[in-house]
Amino acid sequence: MENNNQLPKVIKLFNFAKKERSLGGVYKISSLPRISEIARNKEDNVKVDLSFYLENNKTPCIKGIINLKIILDCQRCLEALPIELKVDFKKINLQFYWKCF
């Protein structure tokens, strides 16, 4: 598993899946623009593990686990709302290029 401090900006799904690559690491919430827009705790960490593979030797797929503790603003009272997330996913039939940012 490749561990970096930053996810690649573009993932070539077919190439990654064909080589059965895995990416993983711990990243700052601030390095993930869409999440950091809503998070109060931008300097906290997100743990990411991604695996790429071909289904039926032709369809690029991705599966992974994302763990994070995020603090959001409650929409009702505007107080801090801590949420712990562990997201397991499997996705098939993706476009061949996936932009992370």
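**View 1. Glu 20 sits in the loop between helix H1 (13-18) and strand E3 (22-28).** Helices (H or I, at least four residues) and strands (E, at least two) are DSSP runs, numbered from the N terminus. The model is predicted: local features need pLDDT of at least 70, side-chain atom pairs count only at pLDDT 80 or more, and totals for chains, interfaces and linings use all residues. Numbering starts from 1 along each chain as its sequence is written, and side-chain values use heavy atoms, with hydrogens and water left out. Glu 20 is not a glycine, yet its phi is positive, near 50 degrees. Its relative accessibility is 60%, so Glu 20 counts as exposed (exposed is over 50% relative accessible area, buried under 20%, partly exposed in between; 1.4 Å probe, protein chains only).

**View 2. Asn 57 lies in the loop between strand E4 (45-55) and strand E5 (59-73).** Phi is positive here, about 55 degrees, in a residue that is not a glycine. Asn 57 is exposed, because its relative accessible area is 71%.

View 3. Along the sequence they follow the pattern β-β-α-β-α-β-β-β-β. The chain has 101 residues, and 28% of them count as buried. Its accessible surface comes to about 7,200 Å² (Shrake-Rupley method, 1.4 Å probe; for residues, only the protein chains shown count as cover). Carbon and sulfur atoms make up 51% of that surface.
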